[in-house]
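Please read it alongside the sequence and the coordinates.

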Amino acid sequence: MENWGNLGHLFVTVFLSNFAALVVNLAIADVTMEAVCPGKDECSLAIYLTGFQQAIAGLGSVVLMPLIGNMSDAYGRKALLTIPMILSIIPLGILAWKRTTNFFYAYYVLKTITAMVSEGGILCLALGYLADSVSEGKRVSAFGVLAGVVSGASLCSTFAARLLSTAQIFQVAAAVSIAAALYMRIFLKDLTPNTNVLEEPILKPETERDRVGCESLREIDFFKQIPSPKDIIHLLKSSTTFSVAAFVAFFNSLAEAGVQAFLMYYLKARFQFKKNQFADIWLITYIGATVSNMLFMPILGPLIGEETLLSVGLFAGFLNMLLYSIAWSSWVPYVSAWLSVFLFLASPSIRCIVSKQVGPCEQGIAQGCLLGIASFANVISPLIYSPLSALFLSEGAPFNFPGFSIMCIGLAWLIGFILSIVIKIIPLIPKDREVHGSLKGKTRPAPTLV
């Protein structure tokens with residue numbers, strides 16, 4: 001794999017930053033409940049607060065992700081990566097100091113603000129850096145490895161949360177977040193995007209970015225670099241595959257956001273799960289995710305294509321939520337968690353598909369738009385699932401089905417699965433391209449060697 005040394009530093013940076021962000025997830029539900037509804041197992045206010053935070057952070061990310069991606073195309077991934085990594089330290093430091101009600105609300109406000117940049121920004125810039133470093137034919141494997149690193153960070157953070165006390169969790173998270181920012185600044189090198197003509201799609205129209213080059217984008221006025229809705233719509237319509245992949249990304253993110261925000265509240269109300277039980281569930285989940293991304297994607301991706309892997313992952317997500325929703329005993333969620341072996345194939349497959357639809361100077365804005373769509377799904381998700389979860393977990397539910405909101409999350413994955421079949425049908429540009437190949441009488445001239 002090209003630029004392996006730099007990619008190694010990128011993977012370490014992503015691992016550390018995700019470890020710091022995810023290690024607190026298992027404890028935050030208990031901290032939130034203790035701060036707003038002490039001594040209770042069910043709390044509608046905690047659910048609504050979580051949903052509101054997710055919606056506001058997602059709304060900000062809708063605007064900021066394309067901007068960050070676009071600016072990274074001009075100013076470099078490393079320079080922009082510094083911003084979300086530093087911002088992510090602040091809210092963790094607050095709960096590392098104290099977890100009283102006042103400190104929780106301070107954390108809540110700052111987390112809502114910084115999450116607009118930090119939650120999607122680090123991944124967006126890492127994906128752009130990866131696309132700069134790896135040729136198109138190897139991206140499915142590289143994107144799988146990056147997703148595996150994220151899953152590995154989730155696995156290690158879950159295992160750490162299982163062993164640490166709540167106070168220690170936030171202290172460790174703050175320390176690791178600081179270490180991640182320092183490591184990135186010291187070791188990660190900025191790269192020039194890979195612009196090998198042999199790797200570009202034969203019929204891809206030349207854009208203004210391709211003509212002026214990535215470096216020349218720095219000369220453009222800052223405010224003109226802010227992508228307008230018209231610019232984003234034009235990019236999404238640049239190919240049918242990109243357009244359909246954007247819809248699939250929306251429904252996949254809609255479901256993922258629902259799981260992350262509300263599954264633990266469902267398990268807490270249904271089976272009285274606490275931090276250690278949550279840790280066990282997520283340990284199983286992230287073991288499966290690490291195996292699928294580190295092994296299945298690099299091996300199966302080049303053989304059957306990322307389009308097939310995408311469909312498999314989305315359908316596994318639907319089956320996973322269906323099993324959670326009808327869980328009749330406390331051991332059923334543990335069995336359902338093993339479906340994550342296939343579930344986590346979806347997101348990196350979408351990103352790889354989109355990466356192949358744009359040029360080297362558009363990787364940042366393309367991944368930013370994709371994460372902006374995901375952030376928009378984060379806004380919509382709590383508007384749908386917060387009222388459903390609060391209603392069906394309360395005594396005033398219209399009928400006795402506590403897992404109804406979880407089943408609705410699964411339906412979002414089912415819709416994404418149906419749309420993903422369309423991507424498989426759309427003729428894609430062959431992966432093994434010939435420079436002198438022709439299509440409908442149009443040929444691409446061979447590059448001139450100087």
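Asn252 touches Leu314, Ala346, Ser347, Ile350 and Trp413, leaving aside residues up to four places away in sequence; contact means heavy atoms within 4.5 Å. Asn252 is found in helix α11 (residues 240-271) and is buried, with a relative accessible area of 2%. Buried means under 20% relative accessible area, exposed over 50%, and partly exposed in between, with a 1.4 Å probe and protein chains only. The model is predicted: local features need pLDDT of at least 70, side-chain atom pairs count only at pLDDT 80 or more, and totals for chains, interfaces and linings use all residues. Residues are numbered from 1 along each chain as its sequence is written, and side-chain values use heavy atoms, with hydrogens and water left out.

**Overall composition**

- The protein chain has 18 helices and two strands; helices (H or I, at least four residues) and strands (E, at least two) are DSSP runs, numbered from the N terminus.
- Of the 450 residues of the protein chain, 56% count as buried.
- Among contacts in the protein chain with a separation of 6 or more, 84% are accounted for by residues 24 or more positions apart.
- The accessible surface of the protein chain comes to about 19300 Å², and 67% of this belongs to carbon and sulfur atoms; accessible areas come from the Shrake-Rupley method with a 1.4 Å probe, and for residues only the protein chains shown count as cover.

**Helix geometry**

- Helix α6 (residues 101-133) has 33 residues and should span 48 Å at 1.5 Å a residue; its end C-alpha atoms are 46 Å apart, which agrees. The expected span of a helix is 1.5 Å times one less than its number of residues.
- α6 bends by about 55 degrees at Ala115, the bend at a residue being the angle between axes fitted to the seven residues ending there and the seven starting there.
- α3 bends by about 35 degrees at Val62, and a proline, Pro66, follows within four residues. Just after α3, Gly76 takes a positive phi of about 100 degrees.
- Helix α13 (residues 306-325) has 20 residues and reaches 29 Å from its first C-alpha to its last, close to the 28 Å expected at 1.5 Å a residue. Because 14 of the 20 residues of α13 are buried, this helix is largely enclosed by the rest of the structure.

**Salt bridges**

- The structure holds three salt bridges, each defined as a side-chain nitrogen of Lys or Arg within 4 Å of a carboxyl oxygen of Asp or Glu.
- Asp132 and Arg77 meet through their side chains in a salt bridge (2.8 Å, N to O). Asp132 lies in helix α6 and Arg77 in helix α4 (residues 77-87), so the pair ties together parts that are 55 residues apart in sequence. Asp132 counts as buried at 5% relative accessibility, and Arg77 is buried with a relative accessible area of 3%.
- A salt bridge also joins the side chains of Lys356 and Glu306 (3.0 Å, N to O). Lys356 lies in the loop between α16 (346-355) and α17 (363-392) and Glu306 in helix α13, so this pair ties together parts that are 50 residues apart in sequence. Lys356 counts as buried at 10% relative accessibility, and Glu306 is buried with a relative accessible area of 2%.
- The side chains of Glu119 and Lys111 likewise meet in a salt bridge (3.7 Å, N to O).

**Nonpolar surface**

- Ile287, Val291, Met294, Leu295, Ile299, Leu300, Leu303, Ile304 and Trp338 form a nonpolar patch on the surface, with about 810 Å² of accessible area together. Patches are made of residues with over 30% relative accessible area and no salt bridge: like charges are joined within 9 Å, and nonpolar side chains (Val, Leu, Ile, Met, Phe, Trp, Tyr) within 5 Å.
- Leu303 is found in helix α12 (residues 275-304) and counts as exposed at 66% relative accessibility.

**Further positions**

- Ile326 is found in the loop between α13 and α14 (332-337) and counts as partly exposed at 43% relative accessibility. The C-alpha atoms of Ile326 and Phe404 are separated by 8.6 Å, although these residues are 78 residues apart along the chain.
- Lys268 has its place in helix α11 and counts as buried at 6% relative accessibility. Lys268 and Phe278 are 10 residues apart in sequence and 8.9 Å apart in space, C-alpha to C-alpha.
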